[in-house]
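This briefing concerns the structure displayed below.

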Amino acid sequence: MASEARVRLRPAHEAIGVLPAMKAVFLRDLKTAFRQHQDLLNPLLFFVMVVSLFPLGVSPEVSFLQQAGSGILWVAALLSVLLSLDHLFRHDFDDGTLEQLVLQPQPLFLLVLAKTLAHWVLTGLPLVLLAPLLGVMVHLDGNSIAVLCLTLLIGTPVLSLIGAIGAALTLGLRSAGVLLSLLIIPLYIPVLIFGTGTVAAAADGASVGGYMALLGAFLVLALTLAPFAAAAALRISLSNS
Amino acid sequence: MWQFFHKLGSPKWFFGIANRLMPWLLWGGAVLLLAGLVWGLAFAPKDYLQGNSYRIIFIHVPSAFLAQSVYIMMAVAAVVTLVWRMKLADVFVKAAAPVGAVLTFLALFTGAVWGKPTWGTWWIWDARLTSMLILLFLYFGVIALGAAISDEKSSARAVAVLVLVGVVNIPIIKYSVEWWNTLHQPATFKLTEKPSMPIEMWLPLLLSVLGLYLIFGWFACLRMQTEILTRERRTRWVKELVQAEGN
């Protein structure tokens with residue numbers, strides 16, 4: 001791993017502003033992730049494979065897939081975000097970068113927010129881009145696919161933000177993966193309900209404005225509160241090790 | 001006031017207080033719960049629509065009520081853990097979480113048994129039932145995280161963060177019957193309104209809710225005492241206490 005990709009550390013009196021620091025953390029995460037591109041690909045492959053399990057395992061009937069398709073895509077997206085969460089802090093925790101981040105003069109929750117956004121760009125956004133293709137494969141109509149992509153676009157950042165809390169809480173623990181799922185899935189359920197509810201409403205020809213507004217409210221709530229909780233959890237996990 | 005608050009931080013002091021408090025909680029709770037249950041199950045009038053099957057309400061409502069209250073109490077204790085780093089608050093969270101999980105399960109189970117004759121189905125994915133199921137999952141998460149972190153201090157604070165994050169679910173449970181048009185009926189108890197059921201049904205229900213609260217208090221004290229003894233097993237007062245018990 002090249003050293004110039006790390007956040008450059010400066011003494012406090014030369015500290016850079018908050019926004020440049022967030023930008024630096026964000027870009028660094030993108031850079032290090034693209035150097036290990038297989039890790040980027042894995043959640044996407046998982047997404048495709050899980051979706052393809054349902055027609056094979058349950059029923060390839062067009063009528064079933066049309067009805068269940070949006071739910072299948074949402075659950076698969078949720079699971080692949082869940083799987084990718086372990087990477088969010090793990091590498092930085094192992095090589096000590098995380099401790100340096102905590103020591104920065106900038107507020108930790110903003111740096112965590114930058115890291116979470118980078119995580120979303122690397123996993124959530126590709127899932128949204130891949131969704132139309134899979135939507136066609138499960139026989140969703142054009143309108144449903146458009147609404148589905150929109151809900152995923154609003155919903156996946158919420159998944160990343162909530163997941164950051166769980167990833168930070170389980171950092172450095174044995175069998176962190178299973179524990180992480182256990183902690184986070186209950187908190188994901190409301191997002192899932194409203195995400196798939198929106199697509200179902202669109203398929204029935206009902207108005208989706210209310211559902212979209214609620215999903216947007218989830219996003220705003222998660223954006224404002226989750227970074228604080230994740231930052232607090234990070235400090236706890238680091239003091240533990 | 002502040003002296004009282006500081007004393008609360010001392011496990012030894014709490015141990016003594018709990019000893020004095022527990023008989024009252026136990027006997028008070030047992031009397032109220034028994035009175036409520038016997039009155040409700042045997043003497044309260046039959047429901048004109050549901051017949052006798054409605055009587056499970058005297059177990060269902062108290063456990064559902066407690067299941068949510070326990071989580072709120074845990075959330076308050078979590079704030080105390082994070083802000084004042086008080087050990088006892090964490091002892092309470094660890095002691096209450098499994099009890100809360102059992103109460104949530106009991107509420108779901110009795111609800112299912114009640115649902116079969118009235119709705120014709122054991123389970124339905126309605127908002128109130130689903131959000132109670134999420135509450136059960138949250139309790140499981142809290143217990144699992146507490147067990148996974150061996151260091152006492154970080155375990156306390158990590159669990160506190162998780163409990164506080166999960167608090168978002170409580171208003172969803174509370175208002176699920178009002179926000180969505182669900183099969184589950186609206187709240188039985190409202191402070192501001194006259195109860196919608198006759199007083200002969202409502203009063204035994206109130207008695208059993210209060211009784212279960214006291215029983216929970218007793219059980220929480222008992223579990224906290226056990227937890228304190230385990231944590232403080234190396235201190236002198238625990239050794240002396242155990243020796244005195246042994247003689």
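Chain B contains nine helices and zero strands, and its pattern along the sequence reads α-α-α-α-α-α-α-α-α. The model is predicted. Of the 247 residues of chain B, 36% count as buried. Among contacts in chain B that join residues at least 6 apart in sequence, 78% link residues at least 24 apart.

**Packing of helices 4 and 5 of chain B**

- Helix 4 (residues 87–119) and helix 5 (residues 127–148) of chain B have axes that come within 9 Å and cross at roughly 155 degrees.
- Because angles over 145 degrees count as roughly antiparallel, helix 4 of chain B is classed as roughly antiparallel to helix 5 of chain B.
- The crossing of helix 4 of chain B with helix 5 of chain B is left-handed.
- From helix 4 of chain B, the residues making the contact include Lys94(B), Ala97(B), Pro98(B), Gly100(B), Thr104(B) and Phe105(B).
- From helix 5 of chain B, the residues making the contact include Leu129(B), Met132(B), Leu136(B), Tyr139(B), Phe140(B) and Gly146(B).
- By class, the residues of this contact between helix 4 and helix 5 of chain B comprise 15 nonpolar, four polar and one charged.

**Contact between chain B and chain A**

- Chain B contributes 16 residues to the contact, and chain A contributes 16 residues.
- On the side of chain B that touches chain A, helix 5 and helix 6 (152–166) of chain B each supply at least two residues.
- Helix 5 of chain B gives the most to that side, with eight residues.
- The side of chain B that touches chain A consists of twelve nonpolar, two polar and two charged residues.

**Largest nonpolar core**

- The largest nonpolar core has 132 residues, of which Ala233(A) and Val93(B) touch the most other members.
- Beyond its neighbours within four places in sequence, Val93(B) is in contact with Met74(B), Ala77(B), Ala78(B), Thr81(B), Val159(B), Ala160(B) and Val163(B).

**Glu232(B)**

- Glu232(B) is located in the loop between helix 8 (199–231) and helix 9 (236–246) of chain B.
- Glu232(B) counts as partly exposed because it has 17 C-beta neighbours inside 10 Å, whereas a buried residue requires 20 or more.
- From C-alpha to C-alpha, Glu232(B) and Lys12(B) are 9.0 Å apart in space, although 220 residues separate them in sequence.
- Apart from neighbours within four places in sequence, Glu232(B) is in contact with Pro11(B) and Val238(B).

Notes:
Residues are numbered from 1 along each chain as its sequence is written. Chains are lettered from A and ligands numbered from 1 in the order in which they are written. This is a predicted model: local features need pLDDT of at least 70, side-chain atom pairs count only at pLDDT 80 or more; totals for chains, interfaces and linings use all residues. A nonpolar core is a set of buried Ala, Val, Leu, Ile, Met, Phe, Trp, Tyr and Cys residues joined through C-beta atoms within 7 Å. A residue is buried if 20 or more other C-beta atoms lie within 10 Å of its own, exposed if 12 or fewer, and partly exposed in between; C-beta atoms are placed from the backbone. Two residues are in contact if their C-beta atoms, placed from the backbone, lie within 7 Å. Axes are lines fitted to C-alpha atoms, for helices over the stretch in contact, and angles run from 0 to 180 degrees between N-to-C directions. Helices (H or I, at least four residues) and strands (E, at least two) are DSSP runs, numbered from the N terminus. Angles under 35 degrees count as roughly parallel, over 145 as roughly antiparallel, 65 to 115 as roughly perpendicular and the rest as oblique. A crossing is left-handed if the near helix is turned anticlockwise from the far one by less than a right angle, and right-handed if clockwise. Ala, Val, Leu, Ile, Met, Phe, Trp, Tyr, Cys and Pro count as nonpolar, Asp, Glu, Lys and Arg as charged, and the others, Gly among them, as polar.
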